[in-house]
Amino acid sequence: MGSPYLFIDRDGTLIEEPIVDKQVDKLEKLALLPNVIPALLALQTAGYRLVMVSNQDGLGTASFPKDTFDAPHNMMMQIFESQGIQFDEVLICPHFSEDNCNCRKPKTALLTDLMRSGKVDLARSYVIGDRQTDIQLAENLCIQGILYTENSWPAIVTQLTTSNRESLITRNTKETQIAVKVNLDRTKSGSVDTGLGFFDHMLDQIRTHANILLDVKASGDLHIDEHHLVEDVGIALGKALKEALGTKAQIARYGFSLPMDECKAECQLDLSGRASFVLNANFSREKAGDLDVQMVEHFFKSLADNAEISLILSVSEGNCHHQVEGLFKAFSRALRMAVAADKSQQTASSKGCL
């Protein structure tokens, strides 16, 4: 998977565009737009790569000599660099509209090599500019466009860094019909209906204590036993968590022990991208409500394998209901910690990815 890119216009988006001649050709004409530096820093920290894409009518001709362009442009770049802002590329079309070139926005020739490189994650990349030609460029690149308006950088940052980590997984087999929806950025919401009262109660613990949207609709061959349904819900929930987490950029990654009356339940969780599961439990009964306690291990193993996480669950001896519920609550709290934003670093791994 490639990286998210921002293809950003220059005049009118990064710096003020002179009303009269539309040319920033003197140092005294150079003025950064409000909040552009903190915005670009925040977007870089969120994982976006920056590319400047600009039309400069007649650059290098008598109407706009290159040396008059270079002084304010170089000063702008020095200011950005001094503040830690890095543009991967600065791409400029010097032609007039009547030249009918292939590189003038909204045409895409300036970006051909980059777009063919496989480096760009189209689904998470944007064009940002103050003109409809920028929005048309986005359409031509098959990515999203954001129209810059007066002092809208803070709103753009909010739009691009306030996640909507959501996934909907459906799994239909001859044995079960499962639909699981997850949104890690919505607070406690959704509903759970599996036909197993105690299992619903446990899934509700995840929804409540992870503080997420969790919507589960499940039906299946409960006339045989609960095995297939519990397993398939675990598989679907694991896949939904993996998809919702995306690149796992800027998350805490690790997450917990808690008391459940007389029991101590512990969860060690790592959103590592490597599937591993261990359960340390000696349940005091064979069933908790209408759920065979063997299904607890089966559920979490299915979830861990499909979410590709490392998961260790442990619970002391005690009341069986409390043992099982304690494990679900400990997992939920660990998940809540692990998916929380950690903007101090891009990825919580020395490898650079999870």
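A: In this predicted model, helix H8 covers residues 294–307, which is 14 residues. From its first C-alpha to its last, H8 reaches 20 Å, close to the 20 Å expected at 1.5 Å a residue. After H8 comes Glu308, whose phi is positive, near 60°.

The buried residues of H8 are Met295, Val296, Phe299, Phe300, Ser302, Leu303, Ala304, Asn306 and Ala307. An α-helix has 3.6 residues a turn, so residues three or four places apart point the same way.

Helix H7 spans residues 227–245 and lies across E6, E7 (176–183) and E9. Relative to E7, H7 runs at about 30°. The sheet is open and has four strands in the order E6-E7-E9-E8, with mixed pairing. Its edges are E6 (166–172) and E8 (192–193), each of which pairs on one side only. Strand E9, residues 213–220, pairs with E8 in the parallel sense over two bridges. Within this pairing, Asp193 has Lys217 of E9 as its bridge partner.

E1 (residues 5–8) pairs with E2 over four bridges in the parallel sense, and Tyr5 stands opposite Arg49 in E2. Together with helix H1 (residues 36–45), E1 and E2 make a right-handed β-α-β unit. E2 also pairs with E3 (residues 87–93), again in the parallel sense, over six bridges. Here Leu50 has Phe87 of E3 as its bridge partner. The chain passes from E2 to E3 through helix H2 (residues 66–82), and this β-α-β crossover is right-handed too.

Strand E2 (residues 49–55) is largely enclosed by the rest of the structure, because six of its seven residues are buried.

Note on methods: Residues are numbered from 1 along each chain as its sequence is written. This is a predicted model: local features need pLDDT of at least 70, side-chain atom pairs count only at pLDDT 80 or more; totals for chains, interfaces and linings use all residues. Side-chain values use heavy atoms; hydrogens and water are left out. Two strands pair if DSSP finds at least two bridges between them. Contact means heavy atoms within 4.5 Å. Axes are lines fitted to C-alpha atoms, for helices over the stretch in contact, and angles run from 0 to 180 degrees between N-to-C directions. Buried means under 20% relative accessible area, exposed over 50%, partly exposed in between (1.4 Å probe, protein chains only). A crossover is right-handed if, with the strands pointing away from the viewer, the path from the first strand over the helix to the second runs clockwise. The expected span of a helix is 1.5 Å times one less than its number of residues.
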